[in-house]
Amino acid sequence: FLLLSLLLFSTFILNFHSRMSDGFQLPALPYERSALAPHISEKTIDFHYGKHHQGYVTKLNAATENNAAGKTLEELITTGTGGVFNCAAQTWNHTFYWNSLSPKGGGEPTGAIAEAIVRDFGSFDAFKEQFTTAAATHFGSGWAWLVKNADGKLEAVSTHDAGNPLTSGQTPILTIDVWEHAYYIDYQNARPAYIDAWWKLVNWEFANKNLA
């Protein structure tokens, strides 16, 4: 199942490629930096994407300069340790996070993801409450995820620091970054306000593709 998860994500997110001779590259955003305003400002994107995400890519290239030729981010996540794992996972997590958002997102889901949410959580409102709680109560830095387990059931989980569900054989469907750098410019320490903004941007089309 872990191998299947890796293959699915390798084919869907085209920017998650093998390390080339010039190293991993920062994937382009799927929208303009100003497109998520007013919920997430262009200034936040400038720092979060342009500084933090780029920083992980740069550190990953330095850490793998002599020992990662031809390896994918997914391989580095599932086999790497220490700084290699942290930078590979944070590079992957951030790209997945940007795709979990859309200027045309928000509202309630439709299609297969809507049906799966009702099946596994009882209702969309119950899912929203569980996911929000996972994000809001996570202590310190990390991520909250909607994942699909090996039995096909959806679950709301959180991971610490650079943690990634691929290491547990789970398929990521959506994520929210709850590191403070994701929201401090716009919301200071008011994480719940940032989470509320995330719900106005959540990309259900992306979720449906990941569920398939």
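Start by selecting helix 9 in this predicted model, and colour Trp204, Phe206, Ala207, Asn210 and Leu211, which are buried. Now look down the helix. Why do these residues sit on the same side of helix 9? They cover an arc of only 155° around the axis, which puts them there.

Next, select Asn203, which caps the N-terminal end of helix 9. Show its side chain and find the oxygen that lies 3.2 Å from the backbone nitrogen of Glu205.

Which element gives the largest share of its lining? Helix 9 (residues 204–211) does, with three residues. By type, the lining of the largest pocket has six nonpolar, three polar and two charged residues.

Most residues other than glycine have a negative phi, and most peptide bonds are trans. Here are exceptions to visit:

- Go to Pro38, in the loop between helix 1 (2–12) and helix 2 (42–63). A cis peptide bond joins Ala37 to Pro38, with omega about 10°.
- Move to Asp161, in the loop between strand 2 (154–160) and strand 3 (171–177). Its phi is positive, near 55°, and Asp161 is partly exposed, with a relative accessible area of 43%.
- Finish at Gln188, in the loop between helix 7 (184–187) and helix 8 (191–199). Phi of Gln188 is positive, near 50°, and this residue is partly exposed, at 41% relative accessible area.

How values were computed
Residues are numbered from 1 along each chain as its sequence is written. This is a predicted model: local features need pLDDT of at least 70, side-chain atom pairs count only at pLDDT 80 or more; totals for chains, interfaces and linings use all residues. Side-chain values use heavy atoms; hydrogens and water are left out. Helices (H or I, at least four residues) and strands (E, at least two) are DSSP runs, numbered from the N terminus. Ala, Val, Leu, Ile, Met, Phe, Trp, Tyr, Cys and Pro count as nonpolar, Asp, Glu, Lys and Arg as charged, and the others, Gly among them, as polar. Buried means under 20% relative accessible area, exposed over 50%, partly exposed in between (1.4 Å probe, protein chains only). The arc is that of the directions from the helix axis to the C-beta atoms. A polar contact is a pair of N or O atoms within 3.5 Å; within protein, one must be able to donate a hydrogen and the other to accept it, and residues adjacent in sequence count only if both atoms are side-chain atoms.
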